[in-house]
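Here is a brief structural report.

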Amino acid sequence: MSNRTSFKYATVAAFALSALAALTNGCSAAQSAQQAAEGCSGLSASASSAQATIIAWQTALTNLGTAATNLEAKWLATCNEMNGALNLDTTQTDAGKACGVLSTYINADLAAGVTVSLVVAPGSCQASASVEASCEASANCTVTPATCTGGTIEVGCNGSCSAECDVTAPSAACTGSCQGSCTASAAVQCSGTCSGQCSAPTWSGTCDAGCTASFSGSCGGNCTGSCKASSGTTQVTSAACAGTCSGTCSAKASGSCSAACTGNFSGGQCSGMCTGSCTVSGGASCSGTCNGTCVVTGGSASCNGECKGSCSASTSPPTCSGGSLNCAATASCQGQASASLTCSPPQVSVTVTGDALLLAAYQQFSGDIGTAFNQTLAIKGPITTLAGETLGAFQAIGDVGAGGAACVATTLSGAGSVTASLNVSVSASASVSGSTS
């Protein structure tokens, strides 16, 4: 893999190393220089809580870096499998390029009118309890599981959640409230903007098939009833209306109606049942595929997102909204455990209309696609959280020493490469699903 270390992380490293002289804490200049030279290898969990936390953090990022590299290889193999089935180039040795070949093919399909729907419901993942427990013990962490003082604990979850569960994914199966776009194969109640089909009793929007009862608005077909133009109101029967039509409209009705839309409905409110896409800003009930954030409240038997409570199988370090975690090393210890999850097989559902070859490829390699999605979800949260740590966060815990400062600097230098590796896999997951986001 090429060196992806960014200028940002190199700058952080340089700054931290220049500050070592201020961190001697009574040690001689020679001792400080020796500690700085030893870096991570010279740290001791028994020296201070801060050093113990740095050790846990550095180990977690190292393990997650290995997991990210292995995940890249998984996406490379998966995309080349798909490429082979589609008679495309399979010679690429970089995951980004191999998945780019597949993405070009899928995007060309979409532009030609082919429809692609890939939904992956991640399997339940179990983090290594022994790895986490050993890490917390080494870091002198006495709070297991982590608790939150003055706020609400939130943790990435792939198990059962005792409270609200927020699932955010390009296409997440949702049985709660969707904040975004909810696409359902069956009719659902929609308190947002419906696109697709709308049943009775009323709607306000645009229906290409027109309206058969109590219509008021502009009519692109023939209007039966009255037509109010600038010159006044006239009675019409199956005639074009250049103003506001009141009555019925044969086609392209835009306004309000007291009947079902039997054609394509868009851009409005449906008081009946919406089949298709329901886009909401404040959240609405969804029992289909949510492209946004799906909020499940009242306890969830299955949560594959952010759990605001206790989770039976966490996948990312906990955060504390409005307060602070009682154990400084818990995030790093859960990050270590997340680097080697054991997951049940994910559920993959795919629909392709207009390209039988692509559908067959998806079906043939759905297992590999699901596994790669699972692993991407599992390490995304921990890497993002741990790669964003700063020297100041560890200094707030206690004495880091010159060795601790040097360890943080070198680890942050490598964190850029870990993050870049993760981003390749995130981009690959979007390419395979036909998403441009």
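What percentage of the 437 residues in the protein is buried? Buried residues make up 45%; buried means under 20% relative accessible area, exposed over 50%, partly exposed in between, with a 1.4 Å probe and protein chains only. This is a predicted model: local features need pLDDT of at least 70, side-chain atom pairs count only at pLDDT 80 or more, and totals for chains, interfaces and linings use all residues. Numbering runs from 1 along each chain as its sequence is written, and side-chain values use heavy atoms, without hydrogens and water.

The protein has 10 helices and 22 strands. These are DSSP runs numbered from the N terminus (helices H or I, at least four residues; strands E, at least two).

Helix 8 covers residues 366-386. A kink of about 30° lies at Ile379, shortly before Pro382. The bend is the angle between axes fitted to the seven residues ending there and the seven starting there. Buried residues of helix 8 include Phe373, Ile379 and Pro382.

The structure holds one salt bridge. Lys74 and Asp368 form it, at 3.2 Å, N to O. Lys74 lies in helix 3 (residues 49-85) and Asp368 in helix 8, so the pair ties together parts 294 residues apart in sequence. The criterion is a side-chain nitrogen of Lys or Arg within 4 Å of a carboxyl oxygen of Asp or Glu.

| Residue | Relative accessible area | Class |
|---|---|---|
| Lys74 | 23% | partly exposed |
| Asp368 | 23% | partly exposed |

Terms used:
Expected span 1.5 Å × (residues − 1).
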